[in-house]
Amino acid sequence: MNCIKCGREIPEGELFCAACSQAPEQREPVRRPATAAQSRPSDARKSSSARGTERRSSKKDVTVALVLVSLLLAGAVGYIALTHGRLMVERNRLQERQQLLEQRENEFAALEQSKEILNAQLETANSSIAILEEEISKLERQLNESQSNVSQSQYDLTSQKQQLDKLMEEKATLEETAQSLQEQLSSLQSSYAAASEKANFMDSYVVFVNNDGSGLYHAYDCSQFKRDSFWAYSRKLAQSNGYDPCPQCQ
């Protein structure tokens, strides 16, 4: 910047140089150029110096801007990487929960099937025992009748006794089988109770969100729950993620 009176170079923000700002009696004589031709080199040097200062200032500003942009880009990339890592961890957790739920469903179905088979076997065994008891009663009646008939041969009596003993052994065998089936049924009922407890736990703490943009979470047996595309969450996690309970099942 130059003095508005004598043209000397002065600091930024000043209007007069030190000489021009003094009182008239304290001012130093200002040497003005004799001709316009003599002053041109000085003006050219001043203009060149000013342009160099402006270029340096502009380069410095560009460098600072580039550094700031680089820092912002590095921060954005770091944030994106961190967010992606969290999403991958959450996705793995959801997949593990879904696999665990499918495993529990398969175990529950197998237990149900085993229970049905054992119930059918138990009913068959009970039917066989009833038939054998009826036959035993019939044979006992025949034995009593044969014992009352003194004319009946000892051979027939011995044969009936053998048949009765055989039936009694078969009855004992069937009773042991029925007892074994009853123990298996009790064990199956215990397993069924444990599986039911696990299923109740899953129903109490695990909810499902359809991939339909409805923003609602459902219980497993909800009629609105679609099993083709969904996410599994804990109830608290679903609520913290902004999902609302289904008005039909919750």
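These legends go with a set of close-up views of a predicted model.

**View 1. The largest nonpolar core has 9 residues.** Look for Leu101, Met202, Val206, Phe208, Cys222, Phe225, Phe230, Ala232 and Cys246, which together make up this core. Strand E1 (206-210) and strand E3 (230-234) each supply at least two of its residues. Apart from this core lies another one, of 7 residues, including Leu132, Leu139, Leu164 and Leu167. In soluble globular proteins, nonpolar side chains tend to be buried together.

**View 2. Helix H2 runs from residue 154 to residue 205.** Follow its 52 residues from end to end: the first and last C-alpha atoms are 75 Å apart, close to the 76 Å expected at 1.5 Å a residue. Among the buried residues of H2 are Leu157, Gln160, Leu164, Leu167, Ala178, Leu181, Leu185 and Leu188. Ala195, Ser196 and Met202 are also buried residues of this helix. Here is a handy idea for reading such a list: an α-helix has 3.6 residues a turn, so residues three or four places apart point the same way.

**View 3. Phe208 and Phe230 form an edge-to-face pair.** This is one of 8 aromatic pairs in the structure. A pair of aromatic rings is described by the distance of the centres and the angle of the planes. For Phe208 and Phe230, the centres are 5.6 Å apart and the planes meet at 75 degrees, so the pair counts as edge-to-face. Because Phe208 lies in strand E1 and Phe230 in strand E3, their pairing ties together parts that are 22 residues apart in sequence. Both of these Phe residues are buried.

**View 4. Tyr220 and Phe225 form a tilted pair.** Their ring centres are 6.1 Å apart and their planes lie at 55 degrees, which is why the pair is called tilted. Are the two partners buried or exposed? Tyr220 counts as partly exposed because its relative accessibility is 27%, whereas Phe225, at 5%, counts as buried. Ring pairs link Phe208, Tyr220, Phe225 and Phe230 into a cluster. Leaving aside its neighbours within four places in sequence, Phe225 is in contact with Phe208, Asn210, His218, Ala219, Tyr220 and Phe230.

**View 5. Charged ends sit over the rings of Tyr192 and Tyr220.** Which residue places its charged end over the ring of Tyr220? That residue is Arg227, with its charged end 4.6 Å from the ring centre. Over the ring of Tyr192 you will find the charged end of Lys115, 4.6 Å from the centre of that ring.

How values were computed:
Residues are numbered from 1 along each chain as its sequence is written. This is a predicted model: local features need pLDDT of at least 70, side-chain atom pairs count only at pLDDT 80 or more; totals for chains, interfaces and linings use all residues. Side-chain values use heavy atoms; hydrogens and water are left out. A nonpolar core is a set of buried Ala, Val, Leu, Ile, Met, Phe, Trp, Tyr and Cys residues joined through side-chain atoms within 4.5 Å. Buried means under 20% relative accessible area, exposed over 50%, partly exposed in between (1.4 Å probe, protein chains only). Helices (H or I, at least four residues) and strands (E, at least two) are DSSP runs, numbered from the N terminus. Contact means heavy atoms within 4.5 Å. The expected span of a helix is 1.5 Å times one less than its number of residues. Rings of Phe, Tyr and Trp (its six-membered ring) pair if their centres lie within 6.5 Å; planes under 30 degrees apart count as stacked, over 60 as edge-to-face and the rest as tilted. A charge sits over a ring if NZ of Lys or CZ of Arg is within 6 Å of the ring centre and within 35 degrees of the ring normal.
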